[in-house]
Amino acid sequence: MSASDVDNDSLSDMDAKPPVHPVPQMQGAFEESMMETLNESEDAEPQDRMSNADSVSRRKMLLEQDEYQRTVAGRWKQRPGEQFHPLWKLVAQISFGMHLLQQGVAKSDEEVIKILQNHVDDIDGFLERTTEDFDLAQGDIDERIRYLKLPLEHGSVFDTMLNDRNFRIAIVEGNEKIEHIIDRTAAAMNDALKDVQKGLDATRELAKYLTRVDKQWDERSEEHDSVYLAMIGNTEGWTRAFLTLQSKGNALRRALVQLGGIVAEMQKRAGAASRKNLVILLSV
């Protein structure tokens with residue numbers, strides 16, 4: 001919710017008496033989000049240039065950075081000094097907005113509903129973005145596995161080819177690039193899975209609140225009932241999406257381990273070929 005949707009007296013001194021959130025577990029996240037809202041005009045950062053980039057551009061930047069940074073995460077990374085994850089704060093605002101409607105204390109139901117829809121779109125956007133990133137990474141890693149498995153499936157031919165020094169050098173250099181891709185993909189995957197877990201935890205708390213408030217909201221209007229039912233549907237859909245993302249992340253992790261094993265085996269064979277040829281040279 002924006003600051004204007006909460007009673008002015010409640011916001012006149014956030015440090016002294018912040019608004020009470022209907023979900024105690026979200027009180028801290030809600031207070032932090034409200035302070036950010038109040039201070040956003042002073043502390044607003046320029047829009048992240050990766051915020052609207054497509055998945056291909058995000059992966060390209062991830063792999064080409066000199067050092068790994070969560071730049072590709074855009075607004076979803078938890079910044080230094082923040083105590084709560086952006087998804088927790090977003091869900092805290094959603095639940096507070098539903099609380100305002102249920103209590104009948106919103107200055108404008110229309111404005112609250114509009115803000116709720118914006119927050120819903122934000123979470124949908126996170127899920128879509130993360131799904132695209134996982135799918136692209138999985139496709140990339142799977143393709144590399146298929147390509148690199150071929151030499152090992154014909155081990156004797158591969159070992160013979162490794163007798164050529166230039167071929168060995170090309171294999172070693174190629175493996176170094178692949179190890180870099182594995183490391184970067186794993187780092188981004190682990191960070192994304194942390195985001196996913198935060199989102200799942202927050203969504204489950206929102207679902208509990210909505211179940212509880214249903215019993216206290218007996219005489220809701222048709223408009224409020226539509227908003228409530230839509231939010232129930234959102235929480236169910238988000239929960240399934242977060243769980244699906246966890247499955248995608250686990251599948252990607254397995255693929256990375258498999259690719260790493262293939263690279264290690266190729267390095268082992270290249271090393272053996274190098275030592276073998278060194279012995280031949282010394283014996284000449």
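Student: Why is Arg269 called partly exposed?

Tutor: Its relative accessibility is 22%. Buried means under 20% relative accessible area, exposed over 50%, and partly exposed lies in between (1.4 Å probe, protein chains only). So Arg269 counts as partly exposed. The model is predicted: local features need pLDDT of at least 70, side-chain atom pairs count only at pLDDT 80 or more, and totals for chains, interfaces and linings use all residues. Residues are numbered from 1 along each chain as its sequence is written, and side-chain values use heavy atoms, with hydrogens and water left out.

Student: What makes Arg269 and Asp159 a salt bridge?

Tutor: Their N to O distance is 2.9 Å. A salt bridge needs a side-chain nitrogen of Lys or Arg within 4 Å of a carboxyl oxygen of Asp or Glu. The pair therefore qualifies. Arg269 lies in helix 8 (residues 222-283) and Asp159 in helix 6 (residues 155-161), so the bridge ties together parts 110 residues apart in sequence. Helices here are DSSP runs (H or I, at least four residues), numbered from the N terminus.

Student: Is Arg220 buried or partly exposed?

Tutor: Buried, because its relative accessible area is 19%. Its salt-bridge partner is Asp225, at 2.7 Å, N to O. Asp225 has 27% relative accessibility and counts as partly exposed.

Student: How do you know that helix 7 spans close to its expected length?

Tutor: Helix 7 (residues 165-214) has 50 residues and reaches 72 Å from its first C-alpha to its last. The expected span is 1.5 Å times one less than the number of residues.

Conventions
Helix = DSSP H or I, 4+ residues; strand = E, 2+ residues; numbered from the N terminus.
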